[in-house]
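I opened the model today to look up a few places in the fold, and I am writing down what I found as I went. The entries follow the order in which I looked.

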Amino acid sequence: MNLNHIAKKPFIDAFYQRPVMAHLLRTALWDCGAVFNGTPVGSRGVIRFDTELQRARNNQYNIAVQIIKDVKENGNHITELLSYSDLIQLAGYTAVEYCGGPSMIFRMGREDVETEGEASEALAIKEHDHENSALVSKFNQLNLAPMEFVALMGSYTLGFASDDNKTRKGRWTMNPYMFDNSYFKEVLLAHNSKYLKTEGDLNLLNDPETREWVEKYAEDQNLFFENYARAHVKVSEHGQLDNLMSEFDEENIVDGGYQEFRGLHWSAEEERAQLLKKIE
């Protein structure tokens with residue numbers, strides 16, 4: 001068992017007790033969008049502070065942060081060494097993998113914002129016009145390519161908009177515990193979908209570039225998984241690349257994924273795509 005597996009285990013144990021995978025995934029993606037002085041700096045553990053939790057305005061984030069703090073205190077000999085931003089991102093990776101999505105190589109070493117005062121200086125997201133407007137606004141700040149932006153929107157295949165509404169109109173897909181490409185199929189149905197569709201979801205159809213990727217991901221789940229994993233790791237590692245380290249030999253990593261029995265995982269380092277071409 002490698003360090004990635006050991007570190008993920010406390011979160012898997014938490015998922016056995018309570019299906020909070022989407023809570024932790026959204027929290028991880030939220031923290032990736034920290035902006036200080038007009039510059040996106042990546043995950044810094046800002047979401048664990050009260051100021052940012054109040055800005056998030058959704059109790060799912062509070063639940064996730066409590067789980068993360070518990071893992072930090074009571075997890076295992078690996079998780080106790082990780083920073084809060086490491087744990088927040090690790091939780092997001094684990095949630096995706098646990099629900100059947102792509103598995104991603106976790107690299108550790110992120111540096112945290114240490115005080116409430118520092119956290120309060122992060123740019124406040126004021127858009128709360130619909131259920132996912134604040135997180136969509138964070139995605140918009142990350143200068144993502146259309147294929148990356150749309151892929152990350154696919155994270156809404158998991159979970160409910162609120163723990164207070166578990167009806168069809170409270171979730172984006174039929175099975176909110178399965179990470180697949182059904183979000184895009186439902187978006188293409190637009191107002192004919194039986195499930196929740198926000199302004200942020202429907203806007204994907206208004207721009208020809210984003211609509212093209214919605215259609216591609218709805219048609220090809222493998223393509224969605226590949227691009228999702230790359231986009232997720234890219235934003236997860238943004239601003240922290242100089243601090244990160246992995247247990248795996250760099251020469252055995254293809255696109256950031258450890259090449260073992262030709263089973264690939266993914267990361268943000270696009271130049272490693274050249275290695276993949278060499279082994280095909």
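Predicted model: local features only at pLDDT ≥ 70, side-chain atom pairs only at ≥ 80, totals over all residues.

Residues are numbered from 1 along each chain as its sequence is written, and side-chain values use heavy atoms, with hydrogens and water left out.

Entry on Arg110. I located Arg110 in the loop between helix 5 (84–98) and helix 6 (116–119); helices here are DSSP runs of H or I with at least four residues, strands are runs of E with at least two, and both are numbered from the N terminus. Which side chains does the side chain of Arg110 join by a polar contact? I found Asp86 at 2.9 Å and Ser236, also listed at 2.9 Å, where a polar contact is a pair of N or O atoms within 3.5 Å, one able to donate a hydrogen and the other to accept it within protein, and residues adjacent in sequence count only if both atoms are side-chain atoms. Leaving aside neighbours within four places in sequence, I listed the residues in contact with Arg110 (heavy atoms within 4.5 Å), among them Ser83, Gln89, Tyr93, Glu237 and Leu244.

Entry on helix 7. I counted 7 of the 8 residues of helix 7 (residues 133–140) as buried, including Leu135, Val136, Lys138 and Phe139. The buried residues of helix 7 pack against helix 2 (21–32), helix 3 (50–56), helix 4 (59–74) and helix 8 (146–153).

Entry on helix 8 and helix 12. I read a crossing of roughly 95 degrees between helix 8 and helix 12 (residues 221–237), whose axes come within 8 Å; axes are lines fitted to C-alpha atoms, for helices over the stretch in contact, and angles run from 0 to 180 degrees between N-to-C directions. Helix 8 and helix 12 are therefore roughly perpendicular, since angles of 65 to 115 degrees count as such, under 35 as roughly parallel, over 145 as roughly antiparallel and the rest as oblique. Met147, Glu148, Ala151 and Leu152 of helix 8 meet residues of helix 12 that include Phe224, Tyr228 and Val235.

Entry on helix 9 and helix 11. I found helix 9 (residues 182–189) packed on helix 11 (residues 208–219) at an angle of about 125 degrees, with their axes 8 Å apart, which makes helix 9 oblique to helix 11. Phe184, Lys185, Val187 and Leu188 from helix 9 meet Arg211, Val214, Glu215, Tyr217 and Ala218 from helix 11.

I noted a positive phi of about 55 degrees at Asn37, although Asn37 is not a glycine. Asn37 sits in the loop between strand 1 (35–36) and strand 2 (39–40) and is exposed, with a relative accessible area of 81%. Asn74, in helix 4, is partly exposed at 48% relative accessible area.

Entry on the whole chain. I recorded 13 helices and 4 strands, and of the 280 residues 57% count as buried.

Notes. Buried < 20%, exposed > 50% of the residue type's maximum accessible area, 1.4 Å probe, protein only.
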